[in-house]
Amino acid sequence: MVRRMLTYSTRILAGLILVLTLATQASLATDNATASDADLTSDAAFNRAVQAVKSKNYDAAISIFEAQAEASQHDAQYNLAVLLHAGKGRPQNFQQALIWAWSAVLGGIEEAAELADELADMIPEKALDDARESLRDKLQTRIDAGDRTAVMQFASYHATLLAEADFETAYIWYSIAAAIGEDGSIEARDDAKGKVDDEEIVKLQVKAGTIFEGLTFNN
């Protein structure tokens, strides 16, 4: 099943028009609300939220997207950011919208980057720092819970989202991501290594090994 994201424009939100990308009309039939759709993190729930946006039932939509965003479903994180930016279903909250837009960016949702950049320009530096800290805590919590996908994102957070990139920490976590076989991690690790003082590499590798020994992953 192909999940759908809300469109975003830097100038006009255009009523949160939907990009419909289902492969066939038949797949829509699975999106009907039934007793089996009780799980708010399911694809069927996601599609109900999209339909709720079409019906301007933003409160119902945002409740589903929020549950899925907390479950690290990155397309839902982007949709939640769009709604919070627009003030649909909840009052506008640029800081929370930014946290979810950044989360979506780290999760590979390319459409979220433009929204994140605009939101970052709309809030003061202290709020930006708080948003970064909140996102860091979310990622660390996921790692502590054994979510291996958070490792690469944690590394990318330090390389790309801080006010001043921390390539030493990024190298440590890209190294851990490479050790567990995350896609793209070797290239990212080697790129980060090129931005770190050679005299620090051995120390960073020892630290990566120590952290790695203390981690346990669910999958």
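F46 is buried, and so is F65, where buried means under 20% relative accessible area with a 1.4 Å probe, protein chains only. The rings of F46 and F65 have centres 5.5 Å apart and planes at 70°, so they form an edge-to-face pair; rings of Phe, Tyr and Trp (its six-membered ring) pair if their centres lie within 6.5 Å, and planes over 60 degrees apart count as edge-to-face. F46 belongs to helix α1 and F65 to helix α2, so the pair ties together parts 19 residues apart in sequence.

This is a predicted model, in which local features need pLDDT of at least 70 and side-chain atom pairs count only at pLDDT 80 or more, while totals for chains, interfaces and linings use all residues. Residues are numbered from 1 along each chain as its sequence is written, and side-chain values use heavy atoms, with hydrogens and water left out.

**Overall make-up**
- The protein chain has 10 helices and 0 strands, taken as DSSP runs (helices H or I, at least four residues; strands E, at least two) numbered from the N terminus.
- Of its 219 residues, 46% count as buried.
- The accessible surface of the protein chain is about 10900 Å², and 50% of it belongs to carbon and sulfur atoms; the areas come from the Shrake-Rupley method with a 1.4 Å probe.

**Helix α1**
- Helix α1 (residues 43-54) has 12 residues and should span 16 Å at 1.5 Å a residue, which agrees with the 17 Å between its end C-alpha atoms; the expected span is 1.5 Å times one less than the number of residues.
- Of the 12 residues of α1, 9 are buried, among them R48 and N47.
- These buried residues pack against α2 (58-70) and α3 (74-86).
- Just after α1, K56 has a positive phi of about 65°.

**Nonpolar core**
- The largest nonpolar core has 64 residues, and those with the most contacts inside it include F65, L98 and W173; such a core is a set of buried Ala, Val, Leu, Ile, Met, Phe, Trp, Tyr and Cys residues joined through side-chain atoms within 4.5 Å.
- Domain 1 (38-123) and domain 2 (124-214) both contribute residues, so this core lies between them; the bounds come from an automatic or database domain assignment.
- Beyond its neighbours within four places in sequence, L98 is in contact (heavy atoms within 4.5 Å) with A116, L119, A120, I123, L128 and A131.

**Aromatic pairs**
- The count of aromatic pairs is 3.
- F154 and W173 have ring centres 5.0 Å apart and planes at 90°, so this pair is edge-to-face.
- F154 is in helix α7 (residues 149-161) and W173 in helix α8 (residues 167-179), 19 residues apart.
- F154 is buried at 1% relative accessibility, and W173 is buried at 6%.
- Ring pairs join F154, Y157 and W173 into a cluster.

Key. Buried means under 20% relative accessible area, exposed over 50%, partly exposed in between (1.4 Å probe, protein chains only). Rings of Phe, Tyr and Trp (its six-membered ring) pair if their centres lie within 6.5 Å; planes under 30 degrees apart count as stacked, over 60 as edge-to-face and the rest as tilted.
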